[in-house]
Amino acid sequence: MSTTLITNIGELTTNVGGASAPGDPCGTLRDAAVLVVDGRVAWVGPADEAEDVSSRFARSTTREPSVVERGSEATETKRVDAGGGAVIPGFVDSHTHIVFGGDRADEFEARMTGTAYAAGGIRRTVAATRAATDAELRARLAGFVAELHAQGTTTFEVKTGYGLTVDDEARLARLAAEVTPEVTFLGAHVVPAEYAERREDYIALVVGDMLDACAPHSRWVDVFCERGAFTPDESRRILDAGIARGLLPRVHGNQLGPGDGVQLAVAVGAASVDHCTYLSDADVAALAASDTVATLLPGVEFSTRQPYPDARRLIDAGVTVALASDCNPGSSFTSSMPLMIALAVREMGMTPAEAVWAATAGGARALRRDDVGVITAGACADLVLLDAPTRVHLAYRPGVPLVSRVWKDGAELTPA
Ligand code: NIG
Ligand code: FE
């Protein structure tokens, strides 16, 4: 049995409704402690009760026959003094594209001198990804995973979409599945160059052999429903084919201009529609009346000089909002959830508490997970200790590395 007691937490973000005053989305506790047993949160409460609870817990569990049978395995409790710092749930980044080859720094540089972002740039990354070996892609992916962990992200989704042949999409799905259970099949990212004159054949491939090859490694199906990528009708066909194979739908929509992505997402019961930069009143109303999360990706607007999505409008209408990085080499080459929080607060009308909630519990909702994004008994012990007294500092001190220690399933990922 492995037990860790984190105490002297100045501010604990539990994200549990009702744990604190009404109107606090973060279920905030002050002067708190968290007891972790075997990778799960076992208890959350006031720091001055922590020692008693922990020893009572140790006594009761060592009397259980299953533990006695394991004999000497019962271990002493590791103690962590949070030093009055803030503890939040590990970030849940529900939207990344981190399995790819090459980069597009030249495209970013050109954009900063006025060239507009266009969906077609994806094809350049497709060429670089196809040219990379499995070992190269795996090493690159491992680097991004280390980057995510170091910045406090403990759950992340990874999309395919830079292979766009049956074999390349299947290998991206397989490689992604080595690092996360949240794998998304995005064969419908863009029509690849070799199918430019026969897009119908490409769609038939996506809903046929490509889906067959990728579904066993994937949990989700996604489509880029946007001018320059896939039409609403094409998108619907692709999502329906994924759903028929047991995958859960999510959608890229309303990124580059108004469109039908949001309505499509709501119609198919998607867990999330991502980007949501250009929304009509009808889109907002449809989201508010649905279980579909609006996932906002402000790294994209930052990196493409597009207007930011209006988070305030969505939240005030009753829409559930998540924040994610969209880490990819074209529109948002950052894996930093603290940066997303800072942008959401500064540029999108979110309060710091709303932004932290959206980057943790919101991401969990967008992945239909209830075991992450919260700190409560029974949840995964995915925890981040900040080198700051409150979570507000994530927005207040942009660009400063405030993530000091990270635990995933109770195991520390950062050097102590
Ligand atoms: O989410 N929107 C589609 N896909 C990515 C961009 C990918 C790229 O430019 O390579 C996105 O922004
Ligand atoms: Fe994306």
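**A walk through the model**

Let's start with Arg124, which is partly exposed at a relative accessible area of 41%. Here "buried" stands for under 20% relative accessible area, "exposed" for over 50%, and "partly exposed" for anything in between, with a 1.4 Å probe and protein chains only. Please keep in mind that this is a predicted model, in which local features need pLDDT of at least 70 and side-chain atom pairs count only at pLDDT 80 or more, while totals for chains, interfaces and linings use all residues. Residues are numbered from 1 along each chain as its sequence is written, chains are lettered from A and ligands numbered from 1 in the order in which they are written, and side-chain values use heavy atoms, with hydrogens and water left out.

Back to Arg124 and its partner. The side chain of Arg124 forms a salt bridge with that of Asp106, at 2.9 Å from N to O. Because Asp106 sits in helix 3 (residues 105-111) and Arg124 in helix 4 (residues 122-131), the pair ties together parts that are 18 residues apart in sequence. A salt bridge here is a side-chain nitrogen of Lys or Arg within 4 Å of a carboxyl oxygen of Asp or Glu; helices (H or I, at least four residues) and strands (E, at least two) are DSSP runs, numbered from the N terminus. Asp106 is partly exposed too, with 43% relative accessibility. Both residues belong to a network of salt bridges that links Arg104, Asp106, Glu107, Arg111 and Arg124.

Across the whole structure, a search turns up 30 salt bridges. Another of them joins Asp240 and Arg236, whose side chains meet at 3.2 Å, N to O. These two share helix 8 (residues 232-244), where they are four residues apart, about one turn of the helix. Asp240 is partly exposed at 33% relative accessibility, and Arg236 is partly exposed at 34%. The side chains of Asp371 and Arg369 also form a salt bridge, at 2.8 Å from N to O.

Now return to helix 4 and look at its buried residues. Ile122, Thr125, Val126 and Thr129 of helix 4 are buried. Viewed down the axis, these buried residues fall within an arc of 110°, so they line one face of helix 4; the arc is that of the directions from the helix axis to the C-beta atoms. They pack against helix 5 (134-150), helix 6 (166-177) and strand 10 (220-225), where contact means heavy atoms within 4.5 Å.

Helix 10 (residues 281-288) gives a second example, with Asp283, Val284, Ala286 and Leu287 buried. They cover an arc of only 160° around the axis, which puts them on the same side of helix 10. Their cover includes helix 9 (261-267), strand 13 (272-275), strand 14 (293-296) and helix 12 (311-316).

His95 is buried at 0% relative accessible area, and His97 is buried at 2%.

How many disulfides does the structure hold? There are zero. Cys276, for instance, is in no disulfide, as the nearest cysteine sulfur, that of Cys225, is 12 Å away, whereas a disulfide is a pair of cysteine sulfur atoms within 2.5 Å. For Cys327, the closest cysteine sulfur is that of Cys276, and at 20 Å it is too far for a bond. Cys276 is buried at 1% relative accessibility, and Cys327 is buried with a relative accessible area of 1%.

On to a hairpin. Strand 2 (residues 28-37) and strand 3 (residues 40-46) run antiparallel, joined by six bridges; two strands pair if DSSP finds at least two bridges between them. Val36 has Val41 of strand 3 as its bridge partner. Two residues lie between the strands of this hairpin, and Asp38 takes a positive phi near 50°.

Our last stop is Ala395, in helix 15 (residues 393-396). Ala395 is buried at 16% relative accessible area. Leaving aside residues up to four places away in sequence, Ala395 touches Ile341, Ala342 and Val345. Val372 is 23 residues from Ala395 along the chain, and their C-alpha atoms are separated by 22 Å.
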